[in-house]
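Subject: Structure handover

Hi,

Here is the structure I promised to pass on. Have a look at it first, and then read my notes below.

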Amino acid sequence: MHPHQAVSSYSPKLATHCKRPQLEAPMVVAQFIDAGITLAKWYGCNKCMLLQELYLKRTFDELLHNIADPLVHQALRQQCQDQLYKPLLALKRYYKSIPHGRSRFLKIEHEARVISHILTPYS
């Protein structure tokens, strides 16, 4: 995805209300993640490290929020959990390049494990 397309399609919140969640959930979640990661890459290339971290963390946190939200359709929750590795790996790459990044990444990874294994009814 081109950065200009990512800016126009990016929303800080994942669209959780679909007409057919069973069919649309994989695409909706993948597009949300792709837009967030594309913007983060663009900011990283332009040496705006704080904005890069912001978009990666915001994408990751929104997925975690939807996994834990019982009002979100189960198909969307499952897709959020299945695709959580994408922003998590991007955050891991980002935190490798900064001082004290390892401890920050381990904290984020622990949060993902807790929410993914404890709060999901289909685990």
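Some housekeeping before that. This is a predicted model, so local features need pLDDT of at least 70 and side-chain atom pairs count only at pLDDT 80 or more, while totals for chains, interfaces and linings use all residues. Residues are numbered from 1 along each chain as its sequence is written, and side-chain values use heavy atoms, with hydrogens and water left out.

**Overall layout**

The protein has 6 helices and 0 strands, which gives the pattern α-α-α-α-α-α along the sequence. Helices here are DSSP runs of H or I with at least four residues, strands are runs of E with at least two, and both are numbered from the N terminus. Of the 123 residues, 45% count as buried; that word means under 20% relative accessible area, with exposed being over 50% and partly exposed in between (1.4 Å probe, protein chains only). Among the contacts (heavy atoms within 4.5 Å) with a separation of 6 or more, 67% are between residues 24 or more positions apart.

**Around H4**

In H4, the buried residues are Ala-75, Leu-76, Arg-77, Gln-79 and Cys-80. What covers them includes helix H2 (21-45) and H3, so let's take those two partners in turn.

The axes of H2 and H4 come within 8 Å and cross at roughly 30 degrees. For the geometry, axes are lines fitted to C-alpha atoms, for helices over the stretch in contact, and angles run from 0 to 180 degrees between N-to-C directions. That crossing angle makes H2 roughly parallel to H4; the classes are under 35 degrees for roughly parallel, over 145 for roughly antiparallel, 65 to 115 for roughly perpendicular, and oblique for the rest. H2 passes H4 in a right-handed crossing, where right-handed means that the near helix is turned clockwise from the far one by less than a right angle, and left-handed that it is turned anticlockwise. On the H2 side, the contact is made by Pro-21, Gln-22, Ala-25, Pro-26, Val-28 and Val-29, and on the H4 side by Ala-75, Leu-76, Gln-79 and Cys-80. By class, that gives 8 nonpolar, 2 polar and no charged residues. Ala, Val, Leu, Ile, Met, Phe, Trp, Tyr, Cys and Pro count as nonpolar, Asp, Glu, Lys and Arg as charged, and the others, Gly among them, as polar.

Then there is H3 (residues 49-68), whose axis comes within 8 Å of that of H4 (residues 74-82), crossing at roughly 140 degrees. H3 and H4 are therefore oblique to each other, and H3 passes H4 in a left-handed crossing. Leu-63, Asn-66 and Ile-67 of H3 meet Arg-77, Cys-80 and Gln-81 of H4. Those residues divide into 3 nonpolar, 2 polar and 1 charged.

**H5 against H6**

H5 (residues 85-96) and H6 (residues 101-118) pack at about 165 degrees, with their axes 9 Å apart. They are therefore roughly antiparallel to each other, and the crossing is right-handed. From H5, Leu-88, Leu-91, Lys-92 and Tyr-95 meet Gly-101, Arg-102, Arg-104, Phe-105, Ile-108 and Glu-109 of H6. The class count for this contact is 5 nonpolar, 1 polar and 4 charged residues.

Leu-106 is also in H6 and is partly exposed, at 38% relative accessible area. Its C-alpha atom is separated by 9.8 Å from that of Tyr-95, 11 residues apart along the chain.

**Loops and backbone**

Lys-47, not a glycine, has a positive phi of about 60 degrees. Lys-47 is in the loop between H2 and H3 and is exposed at 69% relative accessibility. His-100 also has a positive phi, near 60 degrees. His-100 lies in the loop between H5 and H6 and is exposed, with a relative accessible area of 69%.

Leu-71, in the loop between H3 and H4, is exposed at 77%. Leu-71 and Thr-16 are 55 residues apart in sequence and 9.3 Å apart in space, C-alpha to C-alpha.

**Cysteines**

How many disulfides (cysteine sulfur atoms within 2.5 Å) does a search of the whole structure find? The count is 0. Cys-45 is exposed at 62% relative accessibility, while Cys-48 is partly exposed at 29%.

Cheers

Technical notes: Disulfide = S-S within 2.5 Å.
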